[in-house]
Amino acid sequence: MASPSPLVDFPQHLLEEIFLRLPAAEDLARASATCVTFRRLVTDRHFLRRFRRLHPPPFLAFFDSHRLHPALPPHPSAPAARALALAADFSFSFVPSPHCRRAGRWAVQDIRDGRVLLRHTPFADLAVCDPLHRRYILLPPLPEDLAALVAHPYVVFNPWCQPFLVPLDEDAATTFRVIWVVHCETMAAAIVFSSSTGQWQTAGDLTRLISATGYTLLRRHYAYHCFYWELNPINKLLMLDTRTMEFSFADLPPGEWALNIAIVEAEGRLGMFGIFHETAGDLCYYVKGNKGESSQWQIDKTISIGSGHRHYIKAASKRYLLLGKYVVRRNVSPSVSDSTSILPPLDMPGEECISIDIKTLQLERVCVRSFGFGRYGMHIYTNFPPSLLSAPTI
């Protein structure tokens, strides 16, 4: 009787299908260390592209205005987050200052697909970097007319007039685009930089659209090639289609959301997570028809996230939400009317930060940070830990 063929003699396409079904990147790394045949298959670009498509990168950390906060135990990503913190440079010391004689610092503007967009505040100089592989690109200066618009005091000090990264195309591993939507009293426009051309250009003028409403842009969201901004104080969204660079309006579900929503992708449909101000212990999930169709929002489910606390949606990525959790206490001061207030309890050292997997609705505690009332300015960092899957993005 002939001896059975060794595992390495399996047809490559069968091995590929087996490896694609491994549950985690760590398992794939172990398989690649078994033999030369396995490593050759696992390091193939086509295979890695398929694996990344089936296994989205995990939630590893988030960045606020001060520093990186990696996921801590018992969060399932804590080991990978620890490896990231040791390997990456989130102080951005490898990115040189564009003005050696001008005071300033690099401030995080956006994080997406393992890239970080930096601005040398208070100037308009931008850089895109990969802190894991310590690579960077200094973006060219804006043309004079556009630089004057960005330097407007309203734009400089308005947190909603920040540049941001466009999500990565699957086939464009190291190319990227940066969009800067600037909005002041007299003009509103979208300025776009493409790493393919190395140039800035004006891509869309929304002055008439904004002036017709008289409202300001608030927090930014992304789903299906479109960016969305909440409009204050009306219950609408401003939408930018990145394929056509055209602006339009979209409705929100009825309700007082108090700027506490996240627009997400929902398997071909537009989805929205939101927390009502009156029911801060419930996370509501809405969907809106099929992708590209015009329909009404419909509530899909309500997730209880705990009574006795006030929750705020701090940030969102393609796969995760980041919630901030505060304890709610009654104001018992006789000089103030009896009302609910958000106060840090004596036994709570700070704000509890929680990640939510949009697909599974699994809640995991990330960490506790110093207590603060700032709701926005946070960015989720998702990536594969230092491994074959964490390829350079620049």
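Which backbone nitrogen does a side-chain oxygen of D44 reach at the start of α4? In this predicted model, a side-chain oxygen of D44 comes to within 3.1 Å of the backbone nitrogen of H46, and this contact sits at the start of α4.

Helix α4 itself covers residues 45-54, and its buried residues are F47, L48 and F51. Seen down the axis of α4, these buried residues fall within an arc of 95°, so they line one face of the helix. The elements against which the buried residues of α4 pack are α1, α2 (25-32) and α3 (36-42).

Together with F10 and L14, I18 forms a nonpolar patch on the surface, and the accessible area of the three together is about 250 Å². I18 is called partly exposed because its relative accessible area is 41%.

A further residue, T242, is placed in the loop between the strands β13 (236-241) and β14 (246-251). T242 counts as buried because its relative accessible area is 5%, which falls under the cut-off of 20%. When its neighbours within four places in sequence are left aside, T242 is in contact with R177, I179, H225 and F227.

| Residue | Relative accessible area | Class |
|---|---|---|
| I18 | 41% | partly exposed |
| T242 | 5% | buried |

Notes: Residues are numbered from 1 along each chain as its sequence is written. This is a predicted model: local features need pLDDT of at least 70, side-chain atom pairs count only at pLDDT 80 or more; totals for chains, interfaces and linings use all residues. Side-chain values use heavy atoms; hydrogens and water are left out. Patches are made of residues with over 30% relative accessible area and no salt bridge: like charges are joined within 9 Å, nonpolar side chains (Val, Leu, Ile, Met, Phe, Trp, Tyr) within 5 Å. Accessible areas come from the Shrake-Rupley method with a 1.4 Å probe; for residues, only the protein chains shown count as cover. A salt bridge is a side-chain nitrogen of Lys or Arg within 4 Å of a carboxyl oxygen of Asp or Glu. Buried means under 20% relative accessible area, exposed over 50%, partly exposed in between (1.4 Å probe, protein chains only). Helices (H or I, at least four residues) and strands (E, at least two) are DSSP runs, numbered from the N terminus. Contact means heavy atoms within 4.5 Å. The arc is that of the directions from the helix axis to the C-beta atoms. A polar contact is a pair of N or O atoms within 3.5 Å; within protein, one must be able to donate a hydrogen and the other to accept it, and residues adjacent in sequence count only if both atoms are side-chain atoms.
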